[in-house]
Each structure stands twice: as structure tokens, then as C-alpha cells.
Amino acid sequence: MALKEQEIRRKEEILEPRGKLGVLIPGIGGAVSTTFIAGVELVRRGLGEPVGSLTQLGTIRLGKRYEYRTPRIKDFVPLADINDLVFAGWDIYDANLYEAAQFAKVLQKDHIEPIKDFLASITPMPAVFDRRFVRNLDGNHVKKGKNLRDLVEQLKEDIRNFQKTQGVDRCVMIWCGSTEVYMKPEDVHSSLPAFLEALEKSDERIAPSMLYALAALELNIPFVNGAPNLTVDIPALIELAKKNKVPIAGKDFKTGQTLMKTIIAPGLKARLLGLEGWYSTNILGNRDGLVLDDKDSFKTKEESKLSVLDYILQPQLYPTLYKNYYHKVTINYYPPRGDNKEGWDCIDIFGWLGYPMQIKIDFQCRDSILAAPLVLDLVLFMDLAQRANMNGIQEWLSFYFKSPMHKENLYPEHDLFIQLMKLKNTLRYLMKEEQITHFGLDYYME
């Protein structure tokens, strides 16, 4: 059943964010998760700033420019307070989060030690894991079950126990686990009945990430996919999300090189500068890099990264500028670099009369530092969506993803600036404020 406009709660109708909000994370012992959780606790203790977080630092313009109404987003919409966040999750390694954060080597000692007690108190639950889907990792903190349905039920029991012991009122699940091998939708993914039947038979085309998504949706918990896996973006789970009135979003956090593409490419298109080729390569040495050293996991990531330019540049509309450009993406595992990823881009463009020019970008970024604030924002916005009865695909959150989910008969919006406008206009709509179009001519009309 399609979402109807009158079903969305607005302003006074949106349920208040009362009580604790549970954050459930598959891959809780990884670099992104530990950086996110440690960062939230540091901010809560006044020992850090939530740099990069739209929900915590961002503002939103309301009304006409001369009104000068620009509240903080967190003061404008009823978001959960970060002091109300409680964390739990699963991992294939049993290290507590203090040990895991040390292993990840993202945060310095002076950020980890002051919150050692907090991090050490969070221990991962055994994960659902199948090495066929992530070949370069192998852990021993793994669930056993008689079939895939049994594993889903174990995940649901974990969630219920967490809610009961921590006194949690609501939850959001966000996948921060590794990139699984490349998969295409098949018949078992095509409908909910087909998927559930295949689940009972432990069909090998059902990935572990899908089991987490199923567990969340069956418990009416919003689900976010932070990796490029085929997970919740299959007809069966989209159907279940609509049936149970649960928000879903994804996929693949937009952090380093692709973030740069969604900033630079719209500028080239806006000025109608042509593109001959865009060569991108990355080096990174964290666990993500190890996983992507497997060709089938890299294929999943490659598909996510390659689609961006075509949708932004629209070569079918501008064939003389963008029809035959060459686009290449590589990722290289280089252990000495750790989480400090480096992305190089060589961009060959042309201008007036076809004269060639070049742009070169060397983005020496920190992958988990860029991803952590996205996790925070998505958790808070998905909880808002649930309380506003916005179920199904949350395309207004495309701002955060390399491969945004979208309705079947639409194309995804990749332009970062259009994505931001969509996000803020959605917040304005929910709070019964007028949409900002930047028309502006009315200021000059007598």
C-alpha cells in the first residue's frame, strides 16, 4: 500500500521523542561504529564537538530572507536528544568497544582513555555471519542456527533483551558491517512470500545483511543500510517495510571520494563544461580495505561508486558534453595507511571551443571520521520519520548515500546540493513551513 500524504503526521501530530532511543549496529566493533559511539559519548561529556553532523550543527532557513529565521535543525524539528541514545550491536569479534577502538586506530589515546569505562561496558553480541559473503574476514563470535529463520529469531531475541534490560522505548538499526559480495536481485527477492519461503530453506541467495533487515522490520524498527550490499533494497523487504509501516533508507555512506564527485560534478554541469574522463583511485588499510581486496566485494562497491556521474551529468540530455566520457574507479588495500584513506582524482574536462583542461584532487581523508556524523544524523532522522509515520523508502535522506534508494519508476538524485534542498524542504513540510524555492523575483516586484 502506497504512503498517502494525509497519513504523515505533521508538527503537533508527530510523536514526541520520549525515553531512550536504542541504536542497533551490525558491525558494532568496526572502525565506523566505534568512532561514532565514542564520538557521541565525548560530545555528551563536553569533550568533543559533533563536527560534520547536520542534526547537531546545521541550521535551516525559514520564510523570507528579510525575516532572518535560521534556527538550528535540532531546535526546529523534534529530534531525539543524543543523551537519550543507548547502543548495542553484533560483531564477529568479541572484543569490547574499548579494545575495538584501540584496534581500529582511528581515535587517539586522549579521546579513548577518558571514556574507557563507557566503551568497555559495551560488548558485541554474536553475529550472523557467512564467510561466502565476506571472504577476507573470519571471526569466531558467530551465531549457529538450524536454518536462516532460526538466525533471524535469535537476532529478534537479542533486540528484545536489549530493549528490556536497557529500558529502551524505540530503536533504529543501522548496518555498519562489511561490504558483502556483489549480488543481483533474483526470484527469491521478488516478493515477501517468496523471500520468507526461501528463508525457511536457507537459500544461499539470502545474505546475512538481509537477515538483520528482516529482524528489524518484523519488530517495526527502522533500518538503514550503510554499505553497498543488496540488503533492504529488494522488493520483498520494501514490501514488508510498507506493510509494517517502517522507514527504510540506504545505501552506502557517502564519505570520501564520492562526496567530492557529488560536489564537483554538479559544478561542471552547471557551467556546461565537458568531460573527457574521470579517473579515481583509492588507498586504504583498514578492515574495509581488506574486505574490498576481494574482487566480488569490490564489485559491489564499484557499482555504487560508478553510477554517480551518469545520474548527475545526464549524458542523454547533453551528448556533446558527457556522452562518451571514460570513468574508472579502483580501490587498493595498503595496510600502512590504516583508516586514513587517500583518494586521487584525475579529471579531464574541456571548455569553450573544446579546449582541454584538467582538475586534480588529492583527498587525504579519514574514512570513519567522515562516516561517524552520518550515522548519528541517520539514526536521529530515521527515528523522526518513524514518529511522523513516514514509512517505506526515505528518499529525502539521499544526501547521506552513494546509491540512494528510490521508487522504482524514478531515477536517483545524486547532486549533493539538490539532495540537501530535498532534505531541508522535507523538514519544512513536516513542520508546516513554506518550501524554499529561491525564486527571489518577488522581492523586486512592485
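Colleague: Is Glu204 buried or exposed?

Modeller: Glu204 is exposed, because its relative accessible area is 55%. Buried means under 20% relative accessible area, exposed over 50%, and partly exposed in between (1.4 Å probe, protein chains only). Please note that this is a predicted model, in which local features need pLDDT of at least 70 and side-chain atom pairs count only at pLDDT 80 or more, while totals for chains, interfaces and linings use all residues. Residues are numbered from 1 along each chain as its sequence is written, and side-chain values use heavy atoms, with hydrogens and water left out.

Colleague: Which side chain meets Glu204 in a salt bridge?

Modeller: That of Arg132, at 3.5 Å from N to O. A salt bridge here is a side-chain nitrogen of Lys or Arg within 4 Å of a carboxyl oxygen of Asp or Glu. Arg132 lies in the loop between E3 and H7 and Glu204 in the loop between helix H8 (192-200) and helix H9 (208-218), so the pair ties together parts that are 72 residues apart in sequence. Arg132 counts as partly exposed, at 45% relative accessibility.

Colleague: How many salt bridges does the structure hold?

Modeller: The structure holds 31. Among them, Glu12 and Lys432 meet through their side chains at 3.7 Å, N to O. Glu12 precedes strand E1 (20-26) and Lys432 follows helix H16 (416-430), so this pair ties together parts 420 residues apart in sequence.

Colleague: Which residues are linked in a network?

Modeller: Salt bridges link Arg149, Glu153, Lys156, Glu200 and Glu218 in a network.

Colleague: Turning to the sheet, what is the order of its strands?

Modeller: The order is E8-E7-E9-E10, in an open sheet of 4 strands with mixed pairing. The edge strands, each pairing on one side only, are E8 (326-333) and E10 (356-364). Strands are DSSP runs (E, at least two residues), as are helices (H or I, at least four), numbered from the N terminus; two strands pair if DSSP finds at least two bridges between them.

Colleague: In which sense do E9 and E10 pair?

Modeller: Strand E9 (residues 342-350) pairs with E10 in the antiparallel sense, over 9 bridges. Phe350 stands opposite Pro356 in E10.

Colleague: And what does Arg135 touch, leaving aside residues up to four places away in sequence?

Modeller: Arg135 touches Val181, Asp294 and Asp296, where contact means heavy atoms within 4.5 Å. Asp296 also meets Lys295 in a side-chain salt bridge (3.5 Å, N to O).
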